[in-house]
Every structure is written in C-alpha cells, then in structure tokens.
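Subject: Structure handover

Hello,

I am passing on a structure for you to look through. Please open it beside this email and find each residue as you read.

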Amino acid sequence: AGLFGLTVVAGGGVFARSMMLTMAGNRIVARLRNRLFRAALAQEIAFFEQTGNDDTSKDGGITKTGDLLSRLSNDAQMIQTAVTTHAVGALRGTVMSIGATTMLVQTSPMLALVSLSTLPPIFLTARTFGKSMREWQAQVQEMQGDAAAVAQEVLGGIKTVRQFAAEPYEADRYAKK
C-alpha cells in the first residue's frame, strides 16, 4: 500500500506540475500578445501603409496586417510550447520510471509484478484527464481565434481607430478576448 500511495502522490505531483506549467505558459503568452498588440497600435499610420509587393518594408520590418496577426498567434504559440517544457517533464518521468522499475525488479520481482499491475488503471485515468485537457485546450484555441478576429478588425481599420483615439479601448477589448 505504501508504494502504491507513493506512486499516486508522485503522479499527482507530475499532474500538478504539468497543469501549473500550462497555466503559466498561457499567462505568459497572453501578456506577450497584449504587449505586441499594444505596440502595433502605437505604430504610425505609415507603418500600416507600407505593404508593397513583398512581406517586409525597406528596413526589413513586418508591415502587413497578416504578418502582424501571424506574430500574434503563431510565434506566441511557439513560445508557449517552449515555456511549458512538456518534453522535459516527459523525459524526466520516463527516466525515473525506468530506473525505479529496474531497481524494484532487482529487489523483489514479485513486488515489481504487483506494482506494475497498477499501471493499467493509472493509464486509463491519465487518458481520461488527457481527454478533458484536450477539450479545455480546444476552448482556449477558440478564445485565441476570437482574439485574432478582434486584432484583424482593429489593425485592418487602424485609421478609424486612430481618428477616434480608440487605441486604449481596442487594446482593452483585445485583452478581454
């Protein structure tokens, strides 16, 4: 019972770490997107008019609305993946599991068999949590799509936003998405 309890506690710790990293990554990306959006709103009108035939201005800066939207979505998403470091957590868990199983088999093969028999219920539970996390992530992606739609609307009509001095209003509206 002690080893099973320890396994459950360790699994709970891994789950908690994963959730905290995901939430932290989402918050960091949200702040990054908000700062980028505010910076885009602060640009001169000429910045938005420099579209030309290519994707960059003469000085190599990004000028098309689509490029700005790409920065708001794709690049920020790549940063989130790096921040959450799921690969590192998975690698650490795998190495620790292999090491613990090897030591347990060498110590007591019968106890190792009993311990390994608890893995199927644990995997089923993890699968259930994984499904709920995927559904949650789908909701997050839907909210990101809403934010991208607001950004496209505002950046596409930046002249109107500027004429009415609505940059703070639009930045707040974007932040709420």
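Predicted model: local features only at pLDDT ≥ 70, side-chain atom pairs only at ≥ 80, totals over all residues.

Residues are numbered from 1 along each chain as its sequence is written, and side-chain values use heavy atoms, with hydrogens and water left out.

Salt bridges

A salt bridge here is a side-chain nitrogen of Lys or Arg within 4 Å of a carboxyl oxygen of Asp or Glu. Searching the whole structure gives four salt bridges. One of them joins the side chains of Arg 38 and Asp 172, at 3.4 Å from N to O. This pair links distant parts of the chain, with Arg 38 in helix H1 (residues 2-41) and Asp 172 in helix H8 (residues 167-176), 134 residues apart. Helices are DSSP runs of H or I with at least four residues, numbered from the N terminus.

For exposure, buried means under 20% relative accessible area, exposed means over 50%, and partly exposed is in between (1.4 Å probe, protein chains only). Arg 38 counts as partly exposed because its relative accessibility is 42%. Asp 172 is also partly exposed, at 38%.

Another salt bridge is between the side chains of Arg 173 and Glu 153, at 3.3 Å from N to O. This pair too links distant parts of the chain: Arg 173 is in H8 and Glu 153 is in helix H6 (residues 119-156), 20 residues apart.

Because Arg 173 and Glu 170 are three residues apart in helix H8, about one helical turn separates them. An α-helix has 3.6 residues a turn, so residues three or four places apart point the same way. Is Glu 170 buried or exposed? Glu 170 counts as buried, at 10% relative accessibility. Through shared partners, salt bridges join Glu 153, Glu 170 and Arg 173 into one network. Arg 173 itself is partly exposed, with a relative accessible area of 22%.

Helix H6

H6 has 38 residues and reaches 53 Å from its first C-alpha to its last, close to the 56 Å expected at 1.5 Å a residue. The expected span is 1.5 Å times one less than the number of residues in the helix. The buried residues of H6 are Gly 130, Val 140, Ala 147, Val 150, Ala 151, Val 154 and Leu 155.

Take Val 150 as a case. Val 150 is called buried because its relative accessible area is 6%. What does Val 150 contact, leaving aside neighbours within four places in sequence? Val 150 is in contact (heavy atoms within 4.5 Å) with Arg 173, Tyr 174 and Lys 177. From C-alpha to C-alpha, Val 150 and Tyr 174 are 6.2 Å apart in space, and they are 24 residues apart in sequence.

Pockets

Pockets are found on a 1 Å grid over the protein atoms alone, using a 1.4 Å probe; a pocket is an open set of points with protein on both sides within 12 Å along at least five of seven lines, and its lining residues have an atom within 4 Å of a point. A volume is the space filled by probe spheres set on the points.

The largest pocket holds about 1600 Å³ of space. Its lining has 41 residues, and those nearest its centre are Thr 7, Ala 10, Gly 11, Ser 97 and Ile 122. H1 supplies the largest share of this lining, 13 residues.

The second largest pocket has a volume of about 310 Å³. It is lined by 13 residues, with Asn 26, Ala 30, Arg 33, Gln 144 and Lys 177 nearest its centre. H1, H6 and H8 each give two or more residues to this lining, and H1 gives the most, with five residues.

Asn 26 lies in helix H1 and is buried, at 17% relative accessibility. Asn 26 touches Gln 80 and Trp 136, not counting residues up to four places away in sequence.

Regards
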